[in-house]
Amino acid sequence: MAHTISRRTATAALLALAATGARAQGAAPATLRIGYQKSSTLITVLKIRGTLEQQLAPLNVKISWHEFANGLPLLESLNVGNVDFSADVADTVPVFAQAAGAELTYVAQEAPSPSAQAIVVKADSPLKKVADLKGKKVAFAKGAGVHYLLIAALAQAGLSLKDIEPAYLAPADGRAAFEKGAVDAWVIWDPFLAAVQAQSPVRVLADGRDLASYQRYYLASRAFAKARPEVLDRVYTELKKAGQWVKASPKDAAALLATAWGLDAATIEQANSRRSYEVRPVLQAALAEQQKIADVFLAEKLLPKKVNAQDVVLFKPGAAA
């Protein structure tokens with residue numbers, strides 16, 4: 001038996017079919033590729049909780065996570081387009097990226113945490129002050145915040161990098177060399193600093209106070225920042241909330257991070273106590289220390305060319321709303 005379909009029913013069916021087709025066509029979500037490292041506390045909190053996945057789902061954005069040993073390879077990956085967003089890196093790292101021609105967008109900054117990085121020696125070491133590092137072998141990650149801290153500490157003691165024997169080592173290799181006595185001192189940041197303090201008899205020769213502010217920056221590629229500012233807005237908001245939570249609930253935060261970091265909660269709480277986790281917008285005036293770092297690295301012939309720290313794009317939270 002033949003069936004007749006009214007014009008209204010046919011129109012509704014066509015509209016429904018069109019809507020289904022449109023949903024299918026737009027079903028493949030965009031992906032935000034996030035690069036991070038072990039010291040990326042706030043991003044790690046958000047990753048564990050699945051917060052960003054929840055917040056970005058309404059924007060049809062998924063997340064892929066990419067871990068790096070330290071900040072330099074992370075920003076190299078950002079520069080060549082393998083990640084879209086970089087979790088916090090030390091203030092020195094963007095300077096190297098700029099020298100390599102990276103087009104950076106500064107998304108956010110953490111307020112200074114100068115005591116969250118330090119020069120350590122073994123507790124029974126004959127080295128008592130920074131000046132005693134002359135002629136000694138010192139391990140640190142090239143281009144990291146500790147690189148600048150070491151230069152600043154040596155300068156204050158009337159020395160330079162030429163007066164020591166640098167050993168450029170990533171954190172895990174640096175600790176191994178330090179513990180077996182292959183180097184005389186190690187310059188490191190939290191949570192690696194807190195871990196070695198908790199697990200080995202060590203002494204701090206100097207930390208960043210009065211030497212290096214140690215401001216950490218969150219960055220994005222200019223292309224992604226221009227294309228998806230609303231995504232960065234949500235990321236910024238959640239980072240700020242996470243920072244406030246970590247400081248307000250130190251024990252809960254340490255317990256959450258313990259498994260991810262493979263450290264006991266007390267050690268993590270100690271590390272977190274030295275970080276500000278105050279996420280804020282980046283202002284042009286705040287880049288003055290970036291310029292100082294760039295000039296020092298140029299003088300040490302660590303940069304291939306002069307860098308203008310102001311030659312970056314600053315993201316304005318809320319502007320995309």
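In the predicted model, strand β6 (residues 137–140) and strand β7 (residues 165–168) run parallel and are joined by four bridges; two strands count as paired if DSSP finds at least two bridges between them. Helices (H or I, at least four residues) and strands (E, at least two) are DSSP runs, numbered from the N terminus. F140 stands opposite Y168 in β7. On β6 there is also a pairing with strand β8 (residues 185–189), again parallel, through two bridges, and here V138 stands opposite A185 in β8. Together with helix α6 (residues 145–156), β6 and β7 form a right-handed β-α-β unit; right-handed means that, with the strands pointing away from the viewer, the path from the first strand over the helix to the second runs clockwise.

Helix α7 (residues 171–179) packs against helix α8 (residues 192–199) at an angle of about 25°, the axes lying 11 Å apart. This angle makes α7 roughly parallel to α8, a term applied to angles under 35 degrees. Axes are lines fitted to C-alpha atoms, for helices over the stretch in contact, and angles run from 0 to 180 degrees between N-to-C directions. In the contact (heavy atoms within 4.5 Å), P171, R175, F178 and E179 of α7 meet F192, A195, V196 and Q199 of α8. These residues divide into five nonpolar, one polar and two charged.

Residues are numbered from 1 along each chain as its sequence is written, and side-chain values use heavy atoms, with hydrogens and water left out. Because the model is predicted, local features need pLDDT of at least 70 and side-chain atom pairs count only at pLDDT 80 or more, while totals for chains, interfaces and linings use all residues.

Technical notes
Angles under 35 degrees count as roughly parallel, over 145 as roughly antiparallel, 65 to 115 as roughly perpendicular and the rest as oblique. Ala, Val, Leu, Ile, Met, Phe, Trp, Tyr, Cys and Pro count as nonpolar, Asp, Glu, Lys and Arg as charged, and the others, Gly among them, as polar.
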